[in-house]
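Please read it alongside the sequence and the coordinates.

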Amino acid sequence: MTRPRLYSGMQPSADSLQVGNYIGALLQWRDLQDAYEAFFSVVDLHALTQPNDPAELREKTRRTAAQYIAAGIEPSRSTLYVQSHVRAHAELAWILSTITGFGEANRMTQFKDKSARYGTDQTNVGLFTYPVLMAADILLYQTDIVPVGDDQKQHVELTRDLAERFNARYGAAFTVPIPVIQKETARIYDLQNPTAKMSKSAESDAGVLWLLDDPAVSAKKVMRAVTDSEGTVRYDRESKPGVSNLLTIYAALTGRQIPSIEDEYAGRGYGDFKKGLAEVVVNEFGPVRERALDLLADPGELDRVLASNADRAAEVADATLSDVYDRVGLLRRS
Ligand code: AQP
């Protein structure tokens, strides 16, 4: 039976993933990998849009892949590979850039946000064409669904527009993908600044729970998380963003409903609640961290797994690219 296809990826932009990546992406990927034929990529070409030390980028790429596997993405069930190992990504991005309007690309709000944040000196053309590369990532695999955060929705809309435009102009080369937007309850905020999303590139480390941190350090961060003066463990995103965020993390990691956690801690202070959450965090990430570190202790084996998965990905991607080359009229090499 053929399963619908799914594509998703993360940037190797830090030594460790953070809890938001785990809850917002990895947990969902893990649950989807049976129902879908899934392609999960470590998008290292995308990471080049920011300054990188070459040796560090290589290391972050391995580490990101190891954390995918440690979190339950199985390279025998899903295709888990490094984007730059499949050359078709960069090649299709070029073709797609030739059917992307400049004004269309210029409307992408993430580019506007990031270029404003980085300043003119750090803003490169790669950052501007980032959504076109993302469209290539998705379209190469004839993807049916793309699970993404709300912030990526506009990029998937562009992907759909490009697929439809190409298909109308050259014939049906691409499946038009559907974005599956993560629930708001899957969005995790910074522990020290609970109105800002938890992010790998956060300015301060204190509000970020890293998957590969020593569990004792993560427990301390939970104990120091910003709350409020009310003293009641109650979900209210507007007036209690700190406690609500902790409840979201608690619920996501235990599979429990928020009201049942509120009931458990009714009449007890934030100290107890935080202790409970710290335990949950340590129990969840302790084993993930150990598995990831085990995988990283044998980089040769990890690289072999990534290479064989890249071969599998390239088979699909090369077939799409070859069809696209024919359709646009590139003369084939004899
Ligand atoms: N705080 C979050 N809550 C829920 N989901 C999150 N994701 C990221 N942060 C949260 C999801 O994780 C995946 C990571 O995608 P990415 O690495 O391409 O970049 P990102 O979304 O920009 O993630 P970061 O951690 O904030 O990285 P940097 O700092 O490098 O930009 C996506 O599925 C995202 O929705």
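The points below go from the basis of the model to the overall fold, the ligand, the cavities and one backbone angle.

1. Basis. This is a predicted model, in which local features need pLDDT of at least 70 and side-chain atom pairs count only at pLDDT 80 or more, while totals for chains, interfaces and linings use all residues. Residues are numbered from 1 along each chain as its sequence is written, and side-chain values use heavy atoms, with hydrogens and water left out.

2. Overall fold. The protein has 13 helices and 5 strands (DSSP runs numbered from the N terminus: H or I of at least four residues for helices, E of at least two for strands). Its radius of gyration is 21 Å, close to the 20 Å from the globule rule for 334 residues, so the protein is as compact as a globular protein of that length. That radius is taken over C-alpha atoms, and the rule is 2.2 Å times the number of residues to the power 0.38. Along the principal axes, the C-alpha atoms fill a box of roughly 75 × 45 × 45 Å.

3. Ligand shell. The ligand is surrounded by 18 residues, counted when a heavy atom lies within 4 Å. The closest are Ser13, Ile188, Ser199, Lys200 and Ser201. Helix 1 (residues 19–32) gives the most to this shell, with 4 residues. By class, the shell holds 5 nonpolar, 10 polar and 3 charged residues (nonpolar: Ala, Val, Leu, Ile, Met, Phe, Trp, Tyr, Cys and Pro; charged: Asp, Glu, Lys and Arg; polar: the others, Gly among them).

4. Oxygen atoms of the ligand lie 2.4 Å from a side-chain N or O atom of Ser201, 2.7 Å from a polar side-chain atom of Ser199, and 3.0 Å from a backbone N or O atom of Gln11. Taken alone the ligand exposes 640 Å², and the protein buries 94% of that (Shrake-Rupley method, 1.4 Å probe).

5. Cavities. There are 3 cavities of 30 Å³ or more in the whole structure (sets of points on a 1 Å grid over the protein atoms alone where a 1.4 Å probe fits but cannot get out; lining residues have an atom within 4 Å of a point). Helix 6 (109–118) and helix 7 (125–139) each supply at least two of the lining residues.

6. Backbone. Gln142, in the loop between helix 7 and strand 4 (145–148), has phi near 50 degrees, a positive value in a residue other than glycine.

Definitions and conventions. A polar contact is a pair of N or O atoms within 3.5 Å; within protein, one must be able to donate a hydrogen and the other to accept it, and residues adjacent in sequence count only if both atoms are side-chain atoms. On a 1 Å grid over the protein atoms alone, a cavity is a set of points where a 1.4 Å probe fits but cannot get out, and a pocket is an open set with protein on both sides within 12 Å along at least five of seven lines; lining residues have an atom within 4 Å of a point. Grid points are joined across faces, edges and corners, and a volume is the space filled by probe spheres set on the points.
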